[in-house]
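Hi,

Here is the structure I promised to pass on. Have a look at it first, and then read my notes below.

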Protein chains: 2
Amino acid sequence: MPLTPSHARYAPVPFTRVTIDDVFWSPRMAVNRNVTVPMQYRQLKSTGRLDALKLEWKPGQEPVPHIFWESDIAKWIEAASYSLASHPDPNLTGMVDEAIGLLEHAQQPDGYLNVFYTLVEPTKRWSNLRDNHELYCAGHLIEAAVAHSKATGSDRLLNVMCRYADYIGTVFGRESGKKRGYCGHPEIELALIKLARHTGESRYMELATYFVSERGAKPYYFDEEACERGERPEAYWAGTYDYCQASVPVRELSRVTGHAVRAMYLYTAMADLACQHGDADLLAACERLWQHLCLANMYITGGIGPSRHNEGFTADYDLPNETAYAETCAPIGLVYWNSRLLHLDLDGKYADIVERALYNGIISGVSLGGDKFFYENPLASSGAHHRKEWFVCACCPPNLARIVASIGDYVYSESPAGIAVNLYVAGKAEAKVGDGTSVELIQETRYPWDGAIRLSVSPEQVSKFDLRLRIPGWCHKYSIAVNGVGVDHATEKGYALISRTWTKGDVVTLTLDMPVEAIAANPHVVADLGRVAIQRGPIVYCLEDVDNPQGVRKVLLTPEGAFETYYDADLLGGVVVVEGNGLVYDDADWAKDLYRPLKTAQPKPVRLRAVPYSTWDNRESGGMVVWVPVMGG
Amino acid sequence: MPLTPSHARYAPVPFTRVTIDDVFWSPRMAVNRNVTVPMQYRQLKSTGRLDALKLEWKPGQEPVPHIFWESDIAKWIEAASYSLASHPDPNLTGMVDEAIGLLEHAQQPDGYLNVFYTLVEPTKRWSNLRDNHELYCAGHLIEAAVAHSKATGSDRLLNVMCRYADYIGTVFGRESGKKRGYCGHPEIELALIKLARHTGESRYMELATYFVSERGAKPYYFDEEACERGERPEAYWAGTYDYCQASVPVRELSRVTGHAVRAMYLYTAMADLACQHGDADLLAACERLWQHLCLANMYITGGIGPSRHNEGFTADYDLPNETAYAETCAPIGLVYWNSRLLHLDLDGKYADIVERALYNGIISGVSLGGDKFFYENPLASSGAHHRKEWFVCACCPPNLARIVASIGDYVYSESPAGIAVNLYVAGKAEAKVGDGTSVELIQETRYPWDGAIRLSVSPEQVSKFDLRLRIPGWCHKYSIAVNGVGVDHATEKGYALISRTWTKGDVVTLTLDMPVEAIAANPHVVADLGRVAIQRGPIVYCLEDVDNPQGVRKVLLTPEGAFETYYDADLLGGVVVVEGNGLVYDDADWAKDLYRPLKTAQPKPVRLRAVPYSTWDNRESGGMVVWVPVMGG
């Protein structure tokens, strides 16, 4: 298997070997399967995206097929395939087969597959890699093909996409006669790596390596193609190739810039290739970018990319709350990237980021009902920001669908040396250790509502191997016992390491202390200075007007000490509610003043109620805040 | 004198009878006279504004005369005239006479005077009152003419502008054959009122009354003229006539909307006419608008109009600090409006607004050197916002020049019943009481740096009259003595009332307690929740990085009790500095965290240094904040 990532210490246990039966994720996954995936099919139909593949469009007709419509279909096929892998469903299989049939139909004799450039601008194929999304769409279709093949065993879509990928390989590359281009929106790189690993065909890995390595080389390809279009390169609407991470070669990158989703998809491929080739320069670039992102440019929810202007990054510590863009797709990309980095050296700091994003800034993107979506995920709202059923640019909804359907991918890792538990998600799994010894894992927990985890570890035969249990970065105190007896253990990069001989039925209990905490942001974050966010375990909380009738945009929090929690099974699908002490000024007392001495305006005590940020805007609309000003303390 | 505002209790003592010799204002006025006014003449020359009046422009030439260039010239003539009234200067007289000669030259045979519509679009006169600024420019020229006539006794410019006003009177009005229009940017209304009062010609008062009363009437004139231009009225770029305060008749207005400067100039004329005609409906509208503005839409600096988008108002309590627009012209208009309202009933709440704006959000607009100007006056800065020498749209610089040159207008009021002191500004004045008895006033004070005021009251003959001393809204404790003996006195609408028989050389001492205070904003102001501003007397303070090397955007203030003040004659032209206790987080301690529990991150004490907001950005550039988060207390 030459295409196994040879430089990774661990590999993810794929979701196909993970069965989830979890208080937090199971309801989300059921809604995703039963509501989100079917309704997205209807959106693909009703908006004309699927029918466009019939190639019946004629000039003058509405709607005009759009340059990135295929990517929406692709992500939906990927989500549906993940769903089918665990929950066979003839209806859904029918929908997927219809879509694949249409893609087969739309493919051109040379393998090309893009409706816009086939019908609308047939003479302009590959003429604007910078702004348009041909290779990006190809990438998503390739991801869909791999997912579909893995889930169903059918190679119908895989064959289509291998033909397309082979054609792309004849167009792009460093060889004479080929275009030395790459896509303005990275995506095809990580997709080709998946295709290479799934098919065992090294040419796809080589093409991915080319796309990543060529990016940012001078003279800029984007300059050259702009000139060929008769445009001045300096008239680029985004101003700088930092927008698409193409101003310097990727090995020289050290600061996250530009469009956040593009950045994450590129960095994911960089991490994959670092892993594949043992490329220390790529890995070092990833580590620099990670530091820059996670220490100065990430919301507490895992949201990234504060600015609507470039859908991306601005200045360090510029993390405004009410105007946060934090596009849903961006933390999804953040999870992809960090899960790659995690497996290089099993450093828990990457899993901390995966957890932060999954439990907060990603699933905030979908309503509990599964039928409405946020594109933008602000951390404060006056009450006017709401989820919508679909978007003209509909990247986020199917991206949510595919990640929720494949949560199982992020729970466990395996290697010949042992097993790692990265996320605490109840259910069963099969991992492989040693030279293939199967180990059944049964995880019982009410995480993230409770820090108690019971893990049954049952190798098919008595075996010595490492069990690594992630101790989340938010956890300051924990205990571990094996078969009821506390164990001495080392900790390594955020994981407790239990190295012993395991026998069927061994039970590990891990108890993570999970107090409510008032979290401060780095003081350079101007928007959060003097404020705190409420967090318990991995869950970031928010205050909504519906729970706090005095209005959450005008309350203060008195920090520390007095938080109480309770599980409310009837609220928001079942959540732990946090209550704490706050202060509120009396509106009547202020009726005649816009400004007055602080000492004459004493706020009154009020009990505040906080719910998980991810569940906001699922009830009566109103104000919402994550960062609450602190008074006293 | 039928054109005296018959319904005002008091009249301002005009600046021509007020000599200022003040620690705060005299240096500002000297710089205005010696630097600002001459450099603005050079700007008017070098940018082509003055030369445009030669009417030599030909199509294709640059620069193209702009629709509101005359207004820049007009405000400069007004400022120069005020300066000449107190400080004769042959050079400046020459510059003013040159400008007036050019205006005479540019006037058309029918009285019309606007270079753009004379040369650039000669067929389109009066075709777009909504967006273009013909009547606005006429208004500023009229103000200039009145100022020049009063200051110099010359009627050269006055004659030009009476001809123009008379011509305008033939074009606009309710009579058959006239256009029932009014200007999108109010200004001519208040100007015509000044012209009427100065010339005694009631037709100008009638034309002003028409413009104010017709505004917002249906069918909308702006709709009709848009149709005549072949445009769809609903395609109006600003979306709604709220932008120009023309969606309802002015007597129905109750909420401040749209462009802030337009609003202030309109409200000033409304207050003038309420005063002139005893129009209770107009006065009631002014009072509603005042409440709405001053209780929910004004910065602590007196700045108004938070949004760059419409250069104006948004939603109640929407007062963001770093993005505050708060155009310099807007609080200048606020002073004009409130000084009119003040004289209706001598209610100190209006003088409080005049003082707040003059000492803070207006003079912040000009550098201490007098040669650079803010258009926007934010209340927080990362260090990138700086004053500039001039603007393409140059309304603010000459507006600053004219108000600084006429500060004397706002100090005293007079009536047959007595004298009111509205502002504490050292110098001499002559007021008139009874049936014309002259009273010499000598005010000695170091206000606003000190709350001690000594006022010598010397009537030319022994007289009984009221002396009203404003007790500022910020003052919670004060004492008054006459000739060294404490006096019992009534207070009325924010004024201490001393009613007695006065003899030459009587001395009143007023001591205003002037502690440093931490001021809170109404809790509905989301941007300021959990924060305070430092204020002492009328002066709003700010923190600048240059005084606080730890960085003012990351410090916290520990409220109350520990403020110290000292006068530093060498700093910023001489200011009282405020020092207080604050807290700052240690950068090194935070180097590895973007988020962490508040309790693990204790800030360290730091001494903070604050300077008057109006003086910010006069030294090394860096961060600035007015509203500082409060910790503890």
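**What I found**

Let's start inside chain B, where R468(B) stands opposite L497(B) in β13(B). Keep in mind as you read that this is a predicted model.

Now for the overall build, taking chain A. You'll find 15 helices and 24 strands in chain A. Its C-alpha atoms fill a box of roughly 75 × 70 × 50 Å along the principal axes. Chain A has a radius of gyration of 25 Å, which agrees with the value near 26 Å for a compact globule, because that is what 633 residues would give.

Next, the place where the chains meet. How many residues of chain B are in contact with chain A? There are 48 of them, and they touch 49 residues of chain A. Together the two chains bury about 3,900 Å², with carbon and sulfur atoms giving 66% of that area. On the chain B side, L529(B), L594(B) and Y595(B) supply 20% of what chain B buries against chain A, more than any other three residues.

As for polar links, 16 residue pairs are in polar contact between chain B and chain A (both at pLDDT 80 or more). Several elements of chain B each bring at least two residues to the side that touches chain A, among them α12 (280–296), β16 (531–536) and β24 (627–629). The largest share of that side, 5 residues, comes from β15(B). Sorted by type, the residues on the side of chain B that touches chain A come out as 31 nonpolar, 7 polar and 10 charged.

The count of salt bridges between chain B and chain A is 2. One salt bridge links E517(A) with K599(B), whose closest N and O atoms are 3.8 Å apart.

Cheers

Notes: Residues numbered from 1 in each chain as written. Chains lettered and ligands numbered in written order. Predicted model: local features only at pLDDT ≥ 70, side-chain atom pairs only at ≥ 80, totals over all residues. Heavy atoms only, no water. Contact = heavy atoms within 4.5 Å. Buried area = accessible area lost by both parts, 1.4 Å probe. Salt bridge = Lys/Arg side-chain N within 4 Å of Asp/Glu carboxyl O. Polar contact = N/O pair within 3.5 Å; in protein donor to acceptor, adjacent residues only side chain to side chain. Helix = DSSP H or I, 4+ residues; strand = E, 2+ residues; numbered from the N terminus. Nonpolar A, V, L, I, M, F, W, Y, C, P; charged D, E, K, R; others polar. Rg over C-alpha atoms; globule rule 2.2 N^0.38 Å. Pairing = 2+ DSSP bridges.
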